[in-house]
Amino acid sequence: MKNIQATEWCRHFIREQVKPGDLCIDATAGNGHDTELLCRLAGAEGRVLAFDIQETALKKTEQRLREAGLHAGARLILDSHVHMDKYAEKETVSCIVFNFGYLPGGDHGLATRPETSLAAVKTGLALLKTGGLMSLCIYSGGDTGYGERDVLLPFLRELDEREYLVIRCEYMNRRKDPPLPVLVVKLRRHPCTEASTLL
């Protein structure tokens, strides 16, 4: 058994989730690792939307995809993940991946923020189709502090259990605030959405 990182733990479930032809979102493109994985899994018939507010991140992601021959199925978007719903319809997305914090190798002062991260997660939940998966790697301590963790976890804990399954995993014997991987599965359509489709 290898020394599993939080991102790799999440990717295990992402690999089980995404099927050829799916629409997926990498909400924090960064260096493009998750975007590449989603493109491979969704295949030539699928689509992947990758968001970042840093042009540097999108350039690195584009280079990674081109080197892998996967750029055709991806759309790289210089915009906040708060605005994901401008680019995808409600209840159409199979998988959304968040890897919070700062761009690895980049400016640590440019990092995701509690208020925008919470807004983006709320937006993403509405985009997930029934059976869809949201993967979140939540970092705390160090440069980014605890604000993001302390906003996201209480919100996720209170999601309606009839509509969402929320699974939190944590390292028990690692110090210095190891990342928290969290999975959210959408179990059914929101009743309000169901009602609107019948009108």
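Modeller: Let us begin with a term we shall need: a residue is called buried if its relative accessible area is under 20%. Please keep in mind throughout that this is a predicted model. In strand β1 (residues 23-26), L23 and I25 point one way while C24 and D26 point the other way, and all of them are buried.

Biologist: Which strand is joined to β1, and how many bridges are there between them?

Modeller: Strand β2 (residues 47-52) runs parallel to β1, and 4 bridges join the two. To find one of these places in the structure, look for I25, whose bridge partner in β2 is L49.

Biologist: Where does β7 find its partners, and in which sense, parallel or antiparallel, does it pair with β5 and with β6?

Modeller: Strand β5 (residues 128-138) pairs with β7 in the antiparallel sense over 6 bridges, and strand β6 (residues 164-168) also pairs with β7 in the antiparallel sense, over 5 bridges. Strand β7 (residues 180-186) is mostly covered, with 6 of its 7 residues buried.

Biologist: How should I read the packing of two helices?

Modeller: In general, two packed helices are described by the angle between their axes and by the distance between those axes. Here, helix α2 (residues 33-42) and helix α3 (residues 55-68) have axes that come within 9 Å and cross at roughly 35°, and the crossing is right-handed.

Biologist: Which residues of α2 and α3 meet there?

Modeller: From α2 come H33, T35, E36, C39 and R40, and they meet T61, R64, L65 and A68 of α3. Sorted by class, this contact has 3 nonpolar, 3 polar and 3 charged residues.

Biologist: How many aromatic pairs are there, and why is the pair of F98 and F100 called stacked?

Modeller: Rings pair if their centres lie within 6.5 Å, and a pair counts as stacked if the planes are under 30 degrees apart. By this rule there are 3 aromatic pairs. The rings of F98 and F100 have centres 5.1 Å apart and planes at 15°, so this pair is stacked. Both F98 and F100 are buried.

Biologist: How many helices and strands does the chain have, and what percentage of its residues count as buried?

Modeller: The chain has 6 helices and 7 strands, which follow the pattern α-β-α-β-α-β-β-α-β-α-β-β-α along the sequence. Of its 199 residues, 45% count as buried.

Methods. Residues numbered from 1 in each chain as written. Predicted model: local features only at pLDDT ≥ 70, side-chain atom pairs only at ≥ 80, totals over all residues. Heavy atoms only, no water. Phe/Tyr/Trp six-rings, centres within 6.5 Å; stacked < 30°, edge-to-face > 60°. Buried < 20%, exposed > 50% of the residue type's maximum accessible area, 1.4 Å probe, protein only. Axes fitted to C-alpha atoms, helices over the stretch in contact; angles between N-to-C directions. Left-handed = near helix turned anticlockwise from the far one by under 90°. Contact = heavy atoms within 4.5 Å. Nonpolar A, V, L, I, M, F, W, Y, C, P; charged D, E, K, R; others polar. Pairing = 2+ DSSP bridges.
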